[in-house]
Amino acid sequence: MARHRAAGAALALAAVASLGACAAPASVRAPDAPRPITARESGAVAGAARRLALLLVEPFPLAATTAVPATIVIEAGEALVEQRLEAPDGATLTVRTAPDGALRLLARGGVPTGGPALGETALVARGLLHLRALGIGLPAGPPLIEVAGGRRVLLWERRVDGVPVEGDALRLVLSRSGALVGVSRPAPAPLAGAPAPMARADATAAGAAAQRLLGTGRVEGTPVLAWVAPGRGGGDEPLELPRRLAWVVAGTLGDGTPCALHLDAATLELIGWDWAP
Amino acid sequence: MLVALLLAVGVTTTTGGLPARTTAREAAVFANRTAFTAPCTDFFSSAAARLAAQATRSLAALGWSTLGAVGPAFTEPAALAAVSGVSAFYVQSHGDHYWDPVAHGRSSGVRADAGRCENAPKIVANEIAAARAGAAPARLVVIASCHNGEARSTLPDAFGIARHRSEPGEEGPSSFYVGYVGAAWQRQMLRFEGAFWAALLDGESAGSAFDRGLLSGFNPARLDPQWWGAYDYRPVAPQQIPPYRPGQRRG
């Protein structure tokens with residue numbers, strides 16, 4: 001992710017449009033170049049954050065809030081305008097929007113971690129209430145719910161032909177009592193062309209290919225299809241690259257370390273991997 | 001493609017040698033590269049180095065002077081020497097609750113690199129606590145390994161950090177500990193920690209930065225981050241002029 005300070009609302013939006021049109025690769029790091037910004041311009045840019053703050057189910061205290069001058073961040077190849085409000089009590093509200101105004105990230109800092117824990121049904125209902133308040137279309141189907149660091153993470157995966165797209169989920173983070181901590185909604189990742197169904201290797205062939213790669217390690221379970229971010233040398237798997245349809249094969253390395261290999265769905269070449277130390 | 005993926009990736013050591021004494025403004029960053037890339041594994045990976053690099057860059061931007069090592073120079077003596085006095089510590093390696101024959105019980109810890117594929121020397125909580133005897137509680141500790149975010153992990157205690165969370169707005173210690181429960185996958189760590197560090201550099205508190213990490217694109221089925229300490233703590237190096245004020249950012 002790269003970031004730089006914008007000179008103001010107009011300049012920021014013009015820069016976003018330019019970067020978006022050029023589709024700058026994420027490897028291009030924008031310079032950290034401070035530029036002057038007027039209070040008026042800053043206020044104009046912060047308007048969107050204030051407008052969203054007013055929509056929140058749990059109000060964000062806008063009185064005496066400081067608006068941090070807008071910045072541009074590049075995330076997964078997309079240039080976003082970031083606006084941040086800081087309240088005197090330390091609470092923060094960070095909003096990232098795409099050039100077309102689409103909300104990509106809303107994050108609240110300072111949300112209490114405690115409170116009574118909601119059950120899953122109530123939690124999902126509360127989550128949908130937050131999404132509706134923010135004008136985000138309600139996702140279909142039940143979310144995947146995970147607990148992490150005392151928070152509740154609700155994920156609605158994007159699926160194409162029933163196959164999940166890695167890193168492309170609508171993600172809602174709530175406190176255990178259902179207060180909004182944040183929502184992230186990445187731009188839909190581009191997909192590399194799917195191999196023709198007839199050319200797609202089957203799960204058995206994928207498992208056998210993975211076993212050959214693992215050597216003394218072993219394949220475990222049945223391979224599953226997923227749209228994955230392909231790896232580059234050294235395992236760097238930037239999320240802005242088009243996802244490729246792959247068999248994800250779980251297993252262990254020779255020393256027992258859990259691993260997963262990503263094999264191109266058509267050719268079974270290795271295009272990525274992950275492991276758990 | 002396989003050949004391309006197996007190309008070696010250059011990795012740099014984060015710093016040079018270790019000083020004899022460390023100071024309260026110093027941070028240590030260590031990463032086990034050897035066990036996570038060829039020839040120890042069947043694949044090359046730069047993930048360990050990238051995790052260490054983003055930690056080092058971020059800590060430096062927060063005002064810490066960093067020392068440490070990525071690769072074979074990450075040995076047990078080097079890590080224990082460094083950990084003795086630093087106030088911030090980052091490590092990426094294998095982690096578990098290891099049998100400690102001295103204590104006749106389990107002691108949480110991580111493995112050094114030491115240039116070994118398997119069975120590298122362990123650095124366990126009891127050793128860290130002994131090395132840090134008399135030292136002030138650590139300010140920021142990130143253990144990027146399996147298992148050391150679990151409630152049974154003794155590593156937080158070794159760094160003087162109580163396994164307790166202070167709520168936003170609550171008085172709390174000037175400390176923050178991040179670890180992972182169960183198996184922690186490297187790609188997922190890269191995404192979570194990338195967002196965590198970026199939020200810290202934006203001036204967010206450690207707890208808020210942790211929340212930002214939760215909003216990143218990691219798969220929560222493969223990474224279960226955990227924290228202890230004070231939500232509101234901002235882990236800038238002590239005696240630094242707070243580097244952030246509204247309108248001023250560093251990236």
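Author: Let us begin with helix 7 of chain B, where Ala206(B), Gly207(B), Ser208(B), Ala209(B), Phe210(B), Asp211(B), Arg212(B), Gly213(B) and Leu214(B) are buried. A residue is buried if 20 or more other C-beta atoms lie within 10 Å of its own, exposed if 12 or fewer, and partly exposed in between, with C-beta atoms placed from the backbone. Helices (H or I, at least four residues) and strands (E, at least two) are DSSP runs, numbered from the N terminus. This is a predicted model, in which local features need pLDDT of at least 70 and side-chain atom pairs count only at pLDDT 80 or more, while totals for chains, interfaces and linings use all residues. Residues are numbered from 1 along each chain as its sequence is written, and chains are lettered from A and ligands numbered from 1 in the order in which they are written.

Reader: Why is helix 7 of chain B described as largely enclosed by the rest of the structure?

Author: Nine of the nine residues of this helix, residues 206–214, are buried, so the rest of the structure largely encloses it. Across chain B, 59% of the 251 residues count as buried.

Reader: Is Pro188(A) buried or exposed?

Author: Pro188(A) counts as exposed because it has 11 C-beta neighbours inside 10 Å. It is found in the loop between strand 11 (180–184) and helix 4 (203–214) of chain A. Leaving out residues up to four places away in sequence, Pro188(A) touches Arg158(A) and Asp168(A); two residues are in contact if their C-beta atoms, placed from the backbone, lie within 7 Å. From C-alpha to C-alpha, Pro188(A) and Asp168(A) are 6.3 Å apart in space, and they are 20 residues apart in sequence.

Reader: How should I read a nonpolar core?

Author: In soluble globular proteins, nonpolar side chains tend to be buried together. A nonpolar core is a set of buried Ala, Val, Leu, Ile, Met, Phe, Trp, Tyr and Cys residues joined through C-beta atoms within 7 Å. The largest one here has 133 residues, and Leu263(A) and Phe89(B) have the most contacts inside it. Helix 6 (residues 186–201) of chain B gives the most to this core, with nine residues.

Reader: Which residues does Phe89(B) touch, not counting residues up to four places away in sequence?

Author: Its partners are Ala27(B), Ala28(B), Val83(B), Ala138(B), Val141(B) and Phe159(B).

Reader: How do I read a sheet?

Author: Strands of a sheet pair through backbone hydrogen bonds, either parallel or antiparallel. Two strands pair if DSSP finds at least two bridges between them. In chain B, three strands form an open sheet in the order 4-5-6, with antiparallel pairing. Strand 4 and strand 6 (122–124) of chain B are the edge strands, each pairing on one side only.

Reader: How many bridges join strand 4 and strand 5 of chain B?

Author: Strand 4 (residues 95–100) and strand 5 (residues 105–111) of chain B pair over six bridges, in the antiparallel sense. In strand 5 of chain B, Ser108(B) is the bridge partner of His97(B), and Val110(B) stands opposite Gly95(B). The hairpin of these strands has four residues between them, and there His104(B) takes a positive phi near 55°.
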